[in-house]
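Me: Got a model up on screen here. Can we walk through it together?
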Amino acid sequence: MRDADEALIVIDVQNDFCPGGRLAVTGGDEIVGGINALMDEFGVVVLTQDWHPAGHSSFASSHQAEPFSVTQMPYGPQVLWPDHCVQGSEGSAFHPSLRVDRAHMIVRKGFRAEVDSYSAFFENDHVTPTGLGGYLSERGVKRLTMVGLATDYCVNFSAVDAAKLGFDVVVKTALCRAIADDSLAEAMNGMAAAGVSVNG
């Protein structure tokens with residue numbers, strides 16, 4: 001087991017982001033076994049879970065708009081997604097093979113109807129905290145390894161926010177999957193600029 005000041009952050013490994021889900025990421029289920037094996041190397045393990053109320057403001061159906069179009073919210077541009085990870089639905093559940101029992105904490109995000117939340121640390125307004133930063137600090141955690149779904153959105157935003165909060169951050173890309181190549185390239189550049197280490 002690694003030092004107690006290191007934590008594994010597992011981002012949104014949920015049914016709706018895996019093949020067959022409402023917002024499936026190609027190969028999203030392929031990383032589960034590797035993530036499970038990695039959990040034993042960390043003294044602190046945190047899972048994040050997208051947890052939207054029905055009719056969430058980030059859903060295209062709430063705006064009578066096409067999925068993946070962009071609208072302006074009070075906090076800035078917002079991609080409008082297919083309905084996904086609705087609270088209590090099968091799609092919101094963790095992948096059935098994920099070792100949920102290893103989690104010391106589960107952070108539910110995106111539960112405020114008026115604002116989306118990609119990052120494990122802040123809502124998309126970049127002001128409202130989830131509480132994860134405080135939890136990790138109180139546990140004495142200084143270094144984070146991030147894995148999960150999707151590299152170009154929730155992993156990316158979580159990693160950049162963690163670096164801004166002063167954590168040393170590594171993203172293991174072999175245990176992540178992305179939604180699209182163009183947004184992945186932008187995310188990789190953004191993480192590098194924020195000081196995030198990216199490796200296989």
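Me: Start with a loop. Where does His 126 lie?
Reply: His 126 lies in the loop between E5 and helix H2 (132-138). Helices (H or I, at least four residues) and strands (E, at least two) are DSSP runs, numbered from the N terminus.

Me: Before we go on, what kind of model is this?
Reply: It is a predicted model; local features need pLDDT of at least 70, side-chain atom pairs count only at pLDDT 80 or more, and totals for chains, interfaces and linings use all residues. Residues are numbered from 1 along each chain as its sequence is written, and side-chain values use heavy atoms, with hydrogens and water left out.

Me: Back to His 126. What is its phi?
Reply: Phi of His 126 is near 65°, a positive value in a residue other than glycine. Most residues other than glycine have a negative phi, and most peptide bonds are trans.

Me: Which peptide bond is cis?
Reply: The one joining Leu 149 and Ala 150, with omega about -10°. Ala 150 is in the loop between E6 and H3.

Me: What about Phe 68, is its phi positive or negative?
Reply: Positive, about 75°, although Phe 68 is not a glycine. Phe 68 sits in the loop between E2 and E3.

Me: Now rings. How many aromatic pairs are there?
Reply: A search of the whole structure finds 6. Rings of Phe, Tyr and Trp (its six-membered ring) pair if their centres lie within 6.5 Å; planes under 30 degrees apart count as stacked, over 60 as edge-to-face and the rest as tilted.

Me: What does the pair of Phe 68 and Trp 81 look like?
Reply: Edge-to-face, 5.9 Å centre to centre, with 90° between the planes. Phe 68 is in the loop between strand E2 (44-50) and strand E3 (70-73), and Trp 81 is in the loop between strand E4 (76-79) and strand E5 (105-109), so the pair ties together parts 13 residues apart in sequence.

Me: Is Trp 81 buried or exposed?
Reply: Buried, with a relative accessible area of 5%. Phe 68 counts as partly exposed, at 47%. Buried means under 20% relative accessible area, exposed over 50%, partly exposed in between (1.4 Å probe, protein chains only).

Me: And how does Trp 81 pair with Tyr 153?
Reply: Edge-to-face too, 5.1 Å centre to centre and 90° between the planes. Tyr 153 is in helix H3 (residues 151-164) and Trp 81 in the loop between E4 and E5, so this pair ties together parts 72 residues apart in sequence.

Me: Which residues do the ring pairs link into a cluster?
Reply: Phe 68, Trp 81, Tyr 118, Tyr 153 and Phe 157.

Me: Switching to H3. How many of its residues are buried?
Reply: 12 of its 14, so H3 is mostly covered. The buried ones pack against strand E1 (6-11), E4, E5, strand E6 (143-149), strand E7 (168-177) and H4.

Me: How do H3 and H4 pack?
Reply: At an angle of about 10°, with their axes 9 Å apart; H4 covers residues 181-193. Axes are lines fitted to C-alpha atoms, for helices over the stretch in contact, and angles run from 0 to 180 degrees between N-to-C directions. The two helices are therefore roughly parallel (under 35 degrees; over 145 is roughly antiparallel, 65 to 115 roughly perpendicular and the rest oblique).

Me: Which residues of H4 make the contact?
Reply: Ser 183, Leu 184, Ala 187, Gly 190 and Met 191. Contact means heavy atoms within 4.5 Å.
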